[in-house]
Amino acid sequence: MHGTTILCVRKGNQICMIGDGQVSKGSVVVKPNARKVRRIFPKGSSSESSTGGSSSESKEVKEDGTIVGFAGSTADAFTLLERLESKLEEYPGQLPRSCVELAKGWRTDKYLRRLEASLLVADSKHSFELTGNGDVLESHNGILGVGSGSFYAIAAARALIDVDGLDAEMIARKSMEIASDMCVYTNKEFISETIVTDVDNDENEGAESKDEKKE
């Protein structure tokens, strides 16, 4: 497993992706505050801008764009991010198709298949996990995670998701606190990106379920 933790939580009208900042080389901590969660804006968007900073309280709340978190080799992850950006430009507003096309290339390309990284990708409507095996996984409960501490974070998020009064960001941050206490490759220098939508994700999922039953 990759030595880090990235978690994505969808609840209500909020989608939050959060990651720790630890970079490890074997048993040595190389850097404590790396930025592993980023936001991709549509080409030419008025909101397109850099989101610098890497403190534990750093967060950006915007209503557009696609948020991406990665675990694994930094160089490999940035190569995949560039490919994802090109797919999003090729298929604007179609995150599922963009992810599938990226996964196809990742799986079949002689160069890309050697890249060692995992990605979480989310926009206002969808969340996906992408792997080098060609997998494009969408969660049934709005919770996804990658990295060495992901199972701890996912378990904590699942326990908190139905608690009244906790929004997606609060759940994600508390779950990461638990994961960082249990995983030696995860620290507490969290960076998060949040999307706030006009549509309640829980209501939207219910509507989709009804449509599937009708079909």
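Is Lys87 buried, partly exposed or exposed, and with what relative accessible area? Lys87 is partly exposed, with a relative accessible area of 21%, where buried means under 20%, exposed over 50% and partly exposed in between (1.4 Å probe, protein chains only).

The views below show a predicted model, in which local features need pLDDT of at least 70 and side-chain atom pairs count only at pLDDT 80 or more, whereas totals for chains, interfaces and linings use all residues. Residues are numbered from 1 along each chain as its sequence is written, and side-chain values use heavy atoms, with hydrogens and water left out.

**View 1. Helix α1 and what covers it.** Helix α1 comprises residues 74-90, helices (H or I, at least four residues) and strands (E, at least two) being DSSP runs numbered from the N terminus. At 1.5 Å a residue, its 17 residues should span 24 Å, and its end C-alpha atoms are 24 Å apart, which agrees; the expected span is 1.5 Å times one less than the number of residues. Buried residues of α1 include Asp76, Leu80, Leu84 and Leu88, and the cover over the buried residues of this helix includes β5 (37-40), β7 (66-72), α2 (95-108) and β8 (117-122).

**View 2. Salt bridges within helices.** The side chains of Lys87 and Glu90 meet in a salt bridge (3.9 Å, N to O), defined as a side-chain nitrogen of Lys or Arg within 4 Å of a carboxyl oxygen of Asp or Glu. Being three residues apart in helix α1, Lys87 and Glu90 are separated by about one helical turn, and Glu90, at 47% relative accessibility, counts as partly exposed. In helix α2, Lys104 and Glu101 are likewise three residues apart, and their closest N and O atoms are 3.5 Å apart in a salt bridge.

View 3. Lys36 and Asp20 meet through their side chains in a salt bridge (3.6 Å, N to O). Lys36 lies in the loop between β4 (28-31) and β5 and Asp20 in the loop between β2 (14-19) and β3 (23-25), so the pair ties together parts that are 16 residues apart in sequence. Lys36 is buried, with a relative accessible area of 7%, and Asp20 also counts as buried, at 1% relative accessibility.

**View 4. The largest nonpolar core.** This core has 19 residues, and Val68, Leu80, Leu84, Leu119, Val121 and Leu130 have the most contacts inside it; a nonpolar core is a set of buried Ala, Val, Leu, Ile, Met, Phe, Trp, Tyr and Cys residues joined through side-chain atoms within 4.5 Å. At least two residues of this core come from each of β7, α1, α2, β8 and β9 (127-130), with α1 giving the most, five residues. Apart from it lies another core, of 16 residues, among them Val9, Leu160, Met176 and Phe190.

**View 5. The surroundings of Ser127.** Ser127 lies in strand β9 and, at 5% relative accessibility, counts as buried. Not counting residues up to four places away in sequence, Ser127 touches Cys8, Arg10, Val121, Ala122, Leu137, Glu138, Ser139 and Leu144, contact meaning heavy atoms within 4.5 Å. The C-alpha atoms of Ser127 and Thr66, which are 61 residues apart along the chain, are separated by 9.7 Å.
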